[in-house]
Each structure stands twice: as structure tokens, then as C-alpha cells.
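Q: I have a model open on my screen and I'd like to learn how to read its features. Can you walk me through it, starting with the strands?

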Amino acid sequence: MEHNQSIIFVQFFCLIGSSCAIAWAIYAGVFRIAPRASWRFALANTLTVGGVLLYTQRSEAIDYLYWFTADMTILLGFALVRWGCQHLFKRPVSYLFDLVLLTSCALLMLLVPPSLAYAVYLVIIMSITAATLISLTGLDNVKTAKKHMPMFYAILINVPFFIMGALFLTRAVALFLYPEDLARLSAANTLNAPIVMWSYIILLLLTNLVLYGNALTRLVYKVARLVNRDQLTGLWNRHALLDKLDEVDALWQRSGSAYSLLVLDLDHFKKVNDTYGHIAGDAVLKHTATLLQQSLRKVDFICRYGGEEFLIILPSTNADEANIVAKKIQSKINSTSVQWQQQEINLTLSIGYATSKTHINVEQLLQLADEAMYLAKNTGRNTICTKELKISSQ
């Protein structure tokens with residue numbers, strides 16, 4: 001009866017693991033959803049299933065395949081989960097650290113014959129390594145998630161990783177303190193115990209649920225980024241401008257620290273398109289966007305305002321400081337050129353700026369900066385101009 005029950009549990013575990021592996025493979029190969037991460041998650045599920053199947057064949061005899069290889073296969077699956085999450089969130093991949101950790105674990109395991117006689121020792125080593133990999137995966141995810149959501153929610157969605165890490169660590173500590181009483185948990189017939197097999201099934205389900213949640217979070221973030229970003233230059237678009245402008249204006253109202261707007265327009269951009277083609281025009285826009293990002297602070301907000309127009313919000317920047325920034329940008333643009341089909345395309349900008357005042361609302365400030373840019377155009381281009389709102393006296 002117990003043997004039949006263990007077979008059912010193993011079959012159920014393999015069904016879930018295989019289904020998850022297939023689902024991740026479809027994500028990667030068909031839908032192209034985070035393919036690098038999805039392929040690693042697919043392989044992680046495959047290795048976990050393979051490791052458990054090997055685990056079920058253990059006996060009292062010394063056997064490297066069913067003991068050593070089974071454990072290392074499962075641990076490699078955990079490492080692949082971590083690497084997949086790092087690819088998913090565009091973090092540096094910790095190949096070196098994790099491979100050193102796995103190698104150290106393997107060497108420690110190989111110090112004793114892989115058999116039931118040394119089961120407690122082997123499970124302690126395996127559990128500590130698993131706890132380390134799983135907990136580090138959770139920490140990686142929290143560090144990334146907190147950039148897009150409150151810290152509480154970043155931790156909450158990764159709680160299963162920390163629970164799994166704690167369970168593996170608890171098992172290692174318990175076996176170290178009470179090896180005689182708990183040695184049976186490391187025996188070859190542990191899969192006959194429903195609680196043990198159910199724990200494996202629940203861990204597998206929880207892991208994949210968290211991974212699917214993280215993939216969904218990444219997908220939502222990517223969609224949101226596409227909505228608010230200009231696809232050509234990667235800068236913010238007009239859709240995101242008003243929200244940011246209201247935020248900066250509200251901060252100024254509270255702190256009294258003025259902010260400035262710069263509106264920049266590429267001179268003779270139509271001539272570039274007519275002479276060299278629209279692909280060259282796109283290259284010019286991307287080149288300009290890169291130079292703007294290199295010239296400004298991280299707190300500054302750069303938006304592609306129109307076809308060849310850019311708008312920059314400079315928080316905590318008065319009129320004199322805005323003029324200095326405009327001159328810096330103008331100098332940077334004038335000192336570089338775009339190489340296109342063995343020809344140089346020289347660029348200039350007409351720049352208008354305006355600074356917040358107590359009697360000017362957001363819409364009026366935008367209008368002033370725009371009018372200042374057109375004034376720069378009309379006064380010869382490659383020029384910097386400003387405008388202020390005149391208040392009529394009663």
C-alpha cells in the first residue's frame with residue numbers, strides 16, 4: 001500500500017514538474033516572453049524532476065548516480081532558477097559565485113561514500129547549499145522589485161523563496177542536532193511518507209507560482225515602460241510628461257525651490273531627412289538623445305516632445321542655472337557630429353527655457369518655454385533664449 005502511494009506521489013510530482021517545464025518552454029519558444037529566463041526555468045523544472053526520480057531509486061548500497069548525482073541535479077536546478085530570475089530582471093548573473101558554491105558542495109559530498117550510512121551528512125550539505133541558493137534568489141528579486149513597488153510588497157511576493165530557504169536550513173540544523181532521531185528523514189524510503197512527498201510537491205508549485213508572478217511583474221513593467229517611453233530614443237514621451245511636470249511643480253510649491261523647463265529643437269532637421277533619408281534622421285535623433293542623457297543629472301527628466309523637439313525638466317534649477325545647462329548642451333551638440341555613409345552630419349539646437357514663478361501655472365510655463373524656443377529659431381538658430389510672463393499693471 002505504501003509503495004503504491006509513493007508511486008502516485010512521484011507520478012504527481014513528475015506531472016507537475018513536466019507541465020511547468022513545458023509551459024516555460026512555450027513561453028520562451030512560442031510567445032518569446034523573457035526567453036533567456038524562461039528557458040532556464042524550463043530546464044530547472046526538468047532537472048528537479050530528474051533529480052527526484054533518481055532519488056526514488058536509492059538503496060542502502062553505495063551509488064553515485066542515485067545519491068551524489070541526484071542531489072547535484074536538484075541543486076543545479078535551484079541555481080538555474082536564480083540565473084533565470086537574474087536574466088528576467090536584467091541583473092548581473094552570478095555564475096561564478098554559484099558555480100563555486102556548487103563545486104564546494106560536490107567536493108564535500110565526495111568526501112564520504114554516497115550511501116545510507118552517510119545520509120545525514122549528505123543531506124546537511126545538500127540542504128545548506130539549497131538554502132543558500134534559494135535565499136539569495138529571494139534577495140535578488142526583492143532588490144529589483146523594490147525599484148517598482150513598495151518594499152513591503154517586494155518582500156511579500158518573494159516570501160515563498162524565504163520560506164523554502166528557511167525549511168532547508170531548518171532541516172540541516174535539525175539533522176545536525178538530532179541525527180539519531182531524524183536520520184530516517186534521510187533514508188531511501190522517505191518518499192513513502194506522504195508529508196515528505198507533499199512537501200516536495202508544494203515546494204515545486206510555490207517556486208513556479210513565484211516565478212510566474214515575477215515574469216508577469218516584469219511583463220507589466222515592460223508594457224508600462226513602452227507606454228511611457230519613446231520607442232526610437234528610449235526617452236520619456238509626452239504621455240509621461242504631464243505627470244512628471246505636476247510632480248515637480250508640487251515639490252516646488254512645497255519647498256520653494258524653483259525648477260526650469262528647456263525646449264530644444266534640432267535645426268534644419270527636415271533638410272537632414274530630405275538629404276540623407278529618414279533612417280539617417282532617426283540616427284540623428286538617437287544621437288541627440290544619448291548626448292542629452294550624458295549631459296544631465298539623473299534627477300533631470302528628458303522627454304521627446306515632438307518630431308525633432310525635446311523637453312527637459314530641471315528640478316531645483318533657477319534661471320541662471322538653466323542658462324548654464326543650456327549652454328553646456330549646446331556646446332556638446334556643436335562639438336560632435338553623426339557619421340552617416342562616410343559623411344558627417346553636423347548638428348545645432350535652438351533652445352528656449354523658462355523658470356517657475358509664483359504667478360505662473362504649469363501650462364503657462366510650458367507655453368513660455370515653447371515660445372522661447374521659437375524665438376531662438378527666429379533669431380538665427382543655434383541660439384538660447386528665455387521668456388517671462390508679463391503681468392499687466394492695473
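Q: Which residue is the bridge partner of L261 in β3?
A: Keep in mind that we're looking at a predicted model. In β3, L261 has I313 as its bridge partner.

Q: In what order do the 5 strands sit in the open sheet?
A: Read across the sheet and you get β2-β3-β1-β6-β7, with mixed pairing. The edges are taken by β2 (301-304) and β7 (384-386); each has a single partner strand, so one side of each lacks a neighbour in the sheet. From one strand to the next, the twist averages 20°.

Q: Now the helices. How do I describe two that pack together?
A: For two packed helices, you give the angle between their axes and the distance between the axes.

Q: Is the crossing of α5 and α7 left-handed or right-handed?
A: Left-handed. As for what's in the contact of α5 with α7, the residues divide into 18 nonpolar, 6 polar and 1 charged.

Q: What about holes inside the protein: how many cavities of 30 Å³ or more are there?
A: The count comes to 4 cavities of that size. The largest cavity has a volume of about 220 Å³. It is lined by 19 residues, and T48, F78, L203, L204 and T207 lie nearest its centre.

Q: Which elements give two or more residues to the lining of the largest cavity?
A: That would be α2 (35-55), α3 (65-88), α5, α7 and α9 (194-228). The largest share comes from α9, with 6 residues. Sorted by class, the lining of the largest cavity has 13 nonpolar, 5 polar and 1 charged residues.

Q: And which residues line the second largest cavity?
A: Look for Y55, R58, D71, I74, V123, M126, R171 and Y200. This second largest cavity has a volume of about 80 Å³, and α3 and α5 each supply at least two residues of its lining. By class, the lining of the second largest cavity divides into 5 nonpolar, no polar and 3 charged residues.

Technical notes. Residues numbered from 1 in each chain as written. Predicted model: local features only at pLDDT ≥ 70, side-chain atom pairs only at ≥ 80, totals over all residues. Heavy atoms only, no water. Left-handed = near helix turned anticlockwise from the far one by under 90°. Helix = DSSP H or I, 4+ residues; strand = E, 2+ residues; numbered from the N terminus. Nonpolar A, V, L, I, M, F, W, Y, C, P; charged D, E, K, R; others polar. 1 Å grid on protein atoms, 1.4 Å probe; cavity = no way out; pocket = protein on both sides within 12 Å on 5 of 7 lines; lining within 4 Å. Points joined across faces, edges and corners; volume = space filled by probe spheres on them. Pairing = 2+ DSSP bridges. Axes fitted to C-alpha atoms, helices over the stretch in contact; angles between N-to-C directions.
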